[in-house]
Amino acid sequence: MTDKIWDSYLPKKFQTLSPYQWTPIFVIERTWKFLLEDQVKSVLDLGSGVGKFCVYLSLLSKGSFPILGLEDRKELVSVSQAMKEQWKATNVDFQNTNFLKDFPLGHSHYYCFNPLYETMKGSHRIDDLKEKSANQFLKDLQSLKLNFLLLKPKTKLITYHGFGGSYLPGFKIILKEEIENGEFKVWERE
């Protein structure tokens, strides 16, 4: 699988955002390599966008554990569902929800690809629906960190390009790698 092949199945307006907004294929493959060596009960993608991470991880894992993507844009959840059907992915689902306000607990692994990027000012945005300001970003980052503190010990957080901050109280870094254009980290709740 390549990003070019995957992206060709997306609506045109989302294809151009792929390098900035959707997890690259090589990162999903690196995540799968890590998960193969760990005890996975379920994976939750915070800010799942077009479902690329969830659907491709489901294909790699052959649906061997539940994968849930949370996205607050209804249009992207619809695209995710279509991609799930297109690729015949199993044991994967998507929900239209704001994970900052309705944070789901109980998963063994959480994944995020800089989920607060949309609240920062800059280019490559999906749309203009979210407020973009330094204050909004800091407020959302604080909410996210507080939610992470609710996770049970030994829960893993997998990040590519971070979660929005560089320090996460109550977690230790168990894996840190520089991979193509970014940093791949696995954090463990202490």
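In this briefing a residue is called buried when its relative accessible area is under 20%, exposed when it is over 50%, and partly exposed in between, as found with a 1.4 Å probe on protein chains only. The structure is a predicted model, in which local features need pLDDT of at least 70 and side-chain atom pairs count only at pLDDT 80 or more, while totals for chains, interfaces and linings use all residues. Residues are numbered from 1 along each chain as its sequence is written, and side-chain values use heavy atoms, with hydrogens and water left out.

**The sheet and its strands**

- Helices (H or I, at least four residues) and strands (E, at least two) are DSSP runs numbered from the N terminus, and two strands are said to pair if DSSP finds at least two bridges between them.
- An open sheet is formed by 7 strands in the order S3-S2-S1-S4-S5-S7-S6, with mixed pairing.
- Strand S3 (92-96) and strand S6 (171-179) stand at the edges with a single partner strand each, so one side of each is left without a neighbour in the sheet.
- Neighbouring strands of this sheet are turned by 20° against each other on average, direction ignored, where axes are lines fitted to C-alpha atoms (for helices over the stretch in contact) and angles run from 0 to 180 degrees between N-to-C directions.
- Strands of a sheet pair through backbone hydrogen bonds, either parallel or antiparallel.
- The parallel pairing of strand S1 (residues 43-46) with strand S4 (residues 109-112) extends over 3 bridges, and Asp 45 stands opposite Tyr 111 in S4.
- S4 and S5 also run parallel, joined by 4 bridges, with Leu 157 in S5 as the bridge partner of Tyr 110.
- S5 and S7, by contrast, pair in the antiparallel sense over 5 bridges, and Ile 158 stands opposite Val 186 in S7.
- In S5, 5 of the 5 residues are buried, so the strand is largely enclosed by the rest of the structure.
- Both faces of S5 are covered, with Lys 156, Ile 158 and Tyr 160 buried on one side and Leu 157 and Thr 159 buried on the other.

- Helix H6 (residues 74-87) lies across S2 and S3 and runs at about 165° to S3.
- Gln 81 has its place in helix H6 and counts as partly exposed at 25% relative accessibility.
- Leaving aside neighbours within four places in sequence, Gln 81 is in contact with Asp 93 and Phe 94, while its C-alpha is 9.7 Å from that of Gln 95, a residue 14 places away in sequence.

**Asp 45 and the cysteines**

- Asp 45, which lies in strand S1, is buried yet has no salt bridge, and the nearest side chain of opposite charge, Lys 52, is 11 Å away; Lys and Arg count as positive and Asp and Glu as negative, with His and the chain ends not counted.
- Leaving aside neighbours within four places in sequence, Asp 45 is in contact with Phe 53, Cys 54, Leu 68, Gly 69, Leu 70 and Tyr 111.
- Cys 112 counts as buried at 0% relative accessibility.
- A search of the whole structure finds 0 disulfides, a disulfide being a pair of cysteine sulfur atoms within 2.5 Å.

**Salt bridges**

- The structure holds 11 salt bridges, each defined as a side-chain nitrogen of Lys or Arg within 4 Å of a carboxyl oxygen of Asp or Glu.
- Asp 38 forms one of them with Lys 156, the closest N and O atoms being 3.2 Å apart.
- Asp 38 lies in the loop between helix H4 (25-36) and S1, and Lys 156 in strand S5 (residues 156-160), so this pair ties together parts that are 118 residues apart in sequence.
- Asp 38 is partly exposed, with a relative accessible area of 22%, whereas Lys 156 is buried, with a value of 9%.
- Lys 156 also meets Glu 188 in a salt bridge (3.4 Å, N to O), which links strand S5 with strand S7 (residues 182-189) across 32 residues, and both side-chain partners belong to buried residues.
- A salt bridge also joins Lys 176 and Glu 183 (3.7 Å, N to O); Lys 176 counts as exposed at 54% relative accessibility, and Glu 183 as partly exposed at 23%.
- Salt bridges that share partners join Asp 38, Lys 154, Lys 156, Lys 172 and Glu 188 into one network.

Definitions and conventions
Contact = heavy atoms within 4.5 Å.
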